[in-house]
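Subject: Structure handover

Hello,

Here is the structure I said I would pass on. My notes on it come after the file.

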Amino acid sequence: MNYSCPKCNSENTQRLDIAYKSGVSNVSGTTNNIGVGMSSSGLGIGVSEGNFSGTQESLFSNSIKPPEKKSAGCITGIGVFILIPFIIVFLGMGVGGNFEQFMFSLTGVLIGIGIIWIDRLQRNRFNRDEYEPKYRAYQKKFICHRCGNIFQP
Ligand SMILES: [Zn+2]
């Protein structure tokens, strides 16, 4: 069942994530598949939407994009960048290296791992504390296909 729009009272509404997914699939080619989630009362809109170009469809999708999860970014890259040469030094040293060389490369390896680890912890915290509540709220939202209003019933 769809909720009617609090702004214009239209029943031509759709869950935001579903509308977004339909919009994305429209962009990727199927030009006839435009009347996303049209209800029977939305017949007139279905006709006008026939004029939507691919660009408008993608703009429509962009404005209702779901929140994004944080993925491994440049900080992890820096960590790897530090880690790898030190691992090479560490492995290349073998048994012959002296204590200073050993400590030097070990420190580098630990710093590299530490950076990657801290980035991972922060990313996990972001995804748990910020992304997930946002995504849950996002999933509760509806969009009105008549006036574009985004609302939570
Ligand atoms: Zn509306």
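Arg-123 sits in helix H5, which covers residues 99-140; as throughout these notes, the position comes from a predicted model. Arg-123 has 18 other C-beta atoms within 10 Å, so it is classed as partly exposed. Its contacts, once neighbours within four places in sequence are set aside, are Lys-70 and Ala-72.

The crossing of H4 past H5 is left-handed. On the H4 side, the contact is made by Ile-75, Thr-76, Ile-78, Gly-79, Val-80, Ile-82, Leu-83, Phe-86, Ile-87, Val-89, Phe-90 and Met-93. On the H5 side, the residues are Gln-101, Phe-102, Ser-105, Leu-106, Gly-108, Val-109, Ile-111, Gly-112, Ile-113, Ile-115, Ile-116 and Asp-119. Sorted by class, the H4-H5 contact has 17 nonpolar residues, six polar and one charged.

Is Cys-74 exposed or buried? It counts as exposed, because it has 9 C-beta neighbours inside 10 Å and the cut-off for exposed is 12 or fewer. The C-alpha atoms of Cys-74 and Asp-119 are 9.3 Å apart, and the two residues are separated by 45 residues along the chain.

On the chain as a whole: the protein chain has five helices and three strands. Their order along the sequence is β-α-α-α-α-α-β-β. Of the 153 residues in the protein chain, 14% are buried. Taking contacts between residues at least 6 apart in sequence, 69% join residues at least 24 apart.

The largest nonpolar core consists of seven residues, namely Cys-5, Leu-16, Ala-19, Tyr-20, Phe-142, Ile-143 and Cys-144. Helix H1 (16-27) and strand S2 (142-144) are the elements that each give two or more residues to this core. One of the core residues, Ile-143, touches Thr-13, Gln-14, Leu-16, Ala-19, Ile-64 and Ile-150, leaving out residues up to four places away in sequence.

Gly-23 is another residue of helix H1. With 23 other C-beta atoms within 10 Å, Gly-23 is buried, since the cut-off for buried is 20 or more. Gly-23 and Ile-64 are 9.6 Å apart, C-alpha to C-alpha, and 41 residues apart in sequence.

One backbone angle is worth a look. Asn-9 is not a glycine, yet its phi is positive, at about 70 degrees. Most residues other than glycine have a negative phi. Where is Asn-9 found? It is in the segment before strand S1 (13-15). Asn-9 has 10 C-beta neighbours inside 10 Å and so counts as exposed.

Regards

Terms used. Residues are numbered from 1 along each chain as its sequence is written. This is a predicted model: local features need pLDDT of at least 70, side-chain atom pairs count only at pLDDT 80 or more; totals for chains, interfaces and linings use all residues. A nonpolar core is a set of buried Ala, Val, Leu, Ile, Met, Phe, Trp, Tyr and Cys residues joined through C-beta atoms within 7 Å. Helices (H or I, at least four residues) and strands (E, at least two) are DSSP runs, numbered from the N terminus. Two residues are in contact if their C-beta atoms, placed from the backbone, lie within 7 Å. A crossing is left-handed if the near helix is turned anticlockwise from the far one by less than a right angle, and right-handed if clockwise. Ala, Val, Leu, Ile, Met, Phe, Trp, Tyr, Cys and Pro count as nonpolar, Asp, Glu, Lys and Arg as charged, and the others, Gly among them, as polar.
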